[in-house]
Amino acid sequence: CEIVKDALALESEDTAEELVDFLSIVARSTFNATATALVLNNLGCVEKRRGNLTAALHHLKRAADEEGGIVTASPTTLLNISAVYSSLQMYAEAASVSNHAVIRCQKI
């Protein structure tokens with residue numbers, strides 16, 4: 001957790017992104033895809049709070065990919081993606097992803 005905080009506190013986005021990529025590799029080799037998706041999901045939420053919507057969407061989409069794609073991703077990941085799309089005023093995409101989240105909830 002301290003490494004993640006350090007990565008997000010860095011002034012240089014390139015350096016922070018390199019550290020995030022490193023953490024993703026470590027998570028992938030140490031944990032399973034679910035844990036990696038959780039790390040990426042949390043990073044996406046932090047970036048959204050920081051106002052870095054493009055970075056947030058990038059991390060959240062990577063989380064969804066770790067979970068097998070939009071159709072099989074967790075409802076939490078999908079709703080976080082939808083929230084970022086909404087913040088970007090991409091309402092059709094937000095609605096579509098939210099719909100996938102509802103469908104996933106019905107299958108759980």
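## Helices α3 and α4

α3 passes α4 in a left-handed crossing. Left-handed means that the near helix is turned anticlockwise from the far one by less than a right angle; clockwise would be right-handed. Helices here are DSSP runs (H or I, at least four residues), numbered from the N terminus. The model is predicted: local features need pLDDT of at least 70, side-chain atom pairs count only at pLDDT 80 or more, and totals for chains, interfaces and linings use all residues. Residues are numbered from 1 along each chain as its sequence is written, and side-chain values use heavy atoms, with hydrogens and water left out.

The axes of α3 and α4 lie 8 Å apart, at an angle of about 165°. Axes are lines fitted to C-alpha atoms, for helices over the stretch in contact, and angles run from 0 to 180 degrees between N-to-C directions. The pair is therefore roughly antiparallel, a label for angles over 145 degrees. From α3, the residues that meet α4 include A33, L40, E47 and K48. Their partners in α4 include L53, A56, L60 and E66. Contact means heavy atoms within 4.5 Å.

The structure holds one salt bridge. The term covers a side-chain nitrogen of Lys or Arg within 4 Å of a carboxyl oxygen of Asp or Glu. Here R50 pairs with E47, and the closest N and O atoms are 3.4 Å apart. Both residues belong to helix α3 (residues 33-50). They sit three residues apart, about one turn of the helix.

The two partners can be described by accessibility. R50 is partly exposed, at 39% relative accessible area. E47 is buried, at 7%. Buried means under 20% relative accessible area, exposed over 50%, and partly exposed in between (1.4 Å probe, protein chains only).

## Helices α5 and α6

The axes of α5 and α6 come within 8 Å and cross at roughly 165°. These helices are therefore roughly antiparallel to each other. Their crossing is left-handed. On the α5 side, the contact includes P75, L78, I81, S82 and Y85. On the α6 side, it includes Y91, A94, V97, S98 and C105.

S82 lies in helix α5. S82 counts as buried, at 8% relative accessibility. Leaving out residues up to four places away in sequence, S82 touches A94, V97 and S98.

## The nonpolar core

The largest nonpolar core has 13 residues. Such a core is a set of buried Ala, Val, Leu, Ile, Met, Phe, Trp, Tyr and Cys residues joined through side-chain atoms within 4.5 Å. L57, L78, I81, V84, Y85 and V97 touch the most other members. Helices α4 (53-66), α5 (75-87) and α6 (91-107) each supply at least two residues of this core. α4 gives the most, with five.

V84 has contacts with K48, L53, A56, L57 and L60, not counting residues up to four places away in sequence.

## The loop between α5 and α6

L88 is in the loop between α5 and α6. L88 is partly exposed, with a relative accessible area of 31%. Apart from neighbours within four places in sequence, L88 is in contact with L53 and L57. L88 and L57 are 31 residues apart along the chain, and their C-alpha atoms are separated by 9.8 Å.

Q89 is found in the loop between α5 and α6. Q89 is exposed, at 61% relative accessible area. Its phi is near 60°, a positive value in a residue other than glycine. Most residues other than glycine have a negative phi.

Key. Parallel < 35°, antiparallel > 145°, perpendicular 65-115°, else oblique.
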